Structure formats: C-alpha cells, structure tokens
Amino acid sequence: MLSENIELIESIGLNLFFLVIFFFIGMSIHDVMNKNDVPRSGKLVVYFVLFLGCAGFIAKGVIQVIWESNGIG
C-alpha cells in the first residue's frame, strides 16, 4: 500500500512544506514590519509580492495537474 502511493505522499508532503514555509515567511515579515513602523502602503506592497510568490506555486500545481491529466507530462 505505501509503496504504491509513495509519489502521492511525497507530493502532498512537499505542498504542505511549502505552505508552512510561506506561513513562516509571512509571519517573520509581519513581525519585522511592525517593529519598524512601516506605513500601510508599504505593507500592502510587501504582502502583494509575497502573495504573488504563493500564487506562482499554486499556478504551477494547477498546470501540472492539467498536463498530467491530459497525458502531456
């Protein structure tokens, strides 16, 4: 059972790892910005850039699933 699903388990684990890493990056950036009194517009720009990084990984995952379901990859 485990050897049959090892690729699925690895992909889920990797996605969870990225989720945790982005969470910790966001929390550390939030802490640094609060300690240095960054203005609201600066915070919005930083969070938008962090969101774009997360969206890139999400888009990669969606494209990968679509390609694999079509037999391309």
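**A tour of the largest pocket and two helices**

Start with the largest pocket, which holds about 600 Å³ of space. Select Ser 11, Asn 15, Lys 60, Gly 61 and Gln 64: of the 18 residues that line this pocket, these are the closest to its centre. Helix 1 (6-35) and helix 2 (40-70) are the elements that give two or more residues to the lining. By type, the lining residues divide into 11 nonpolar, 4 polar and 3 charged. Keep in mind that the model is a predicted one.

Next, show helix 1 and helix 2 together. Two packed helices are described by the angle between their axes and the distance between the axes. Here the angle is about 175° and the axes of helix 1 and helix 2 lie 11 Å apart. Angles over 145 degrees count as roughly antiparallel, so helix 1 is roughly antiparallel to helix 2.

Now select the residues that make the contact. On helix 1, pick Phe 18, Phe 22, Ile 25, Gly 26, Ile 29, His 30, Met 33 and Asn 34. On helix 2, pick Lys 43, Val 46, Tyr 47, Leu 50, Gly 53, Cys 54 and Phe 57. The residues of this contact divide into 10 nonpolar, 4 polar and 1 charged. An α-helix has 3.6 residues a turn, so residues three or four places apart point the same way.

How far apart are its end C-alpha atoms? They are 44 Å apart, which agrees with the 45 Å that 31 residues should span at 1.5 Å a residue.

Notes:
Residues numbered from 1 in each chain as written. Predicted model: local features only at pLDDT ≥ 70, side-chain atom pairs only at ≥ 80, totals over all residues. Heavy atoms only, no water. 1 Å grid on protein atoms, 1.4 Å probe; cavity = no way out; pocket = protein on both sides within 12 Å on 5 of 7 lines; lining within 4 Å. Points joined across faces, edges and corners; volume = space filled by probe spheres on them. Helix = DSSP H or I, 4+ residues; strand = E, 2+ residues; numbered from the N terminus. Nonpolar A, V, L, I, M, F, W, Y, C, P; charged D, E, K, R; others polar. Axes fitted to C-alpha atoms, helices over the stretch in contact; angles between N-to-C directions. Parallel < 35°, antiparallel > 145°, perpendicular 65-115°, else oblique. Contact = heavy atoms within 4.5 Å. Expected span 1.5 Å × (residues − 1).
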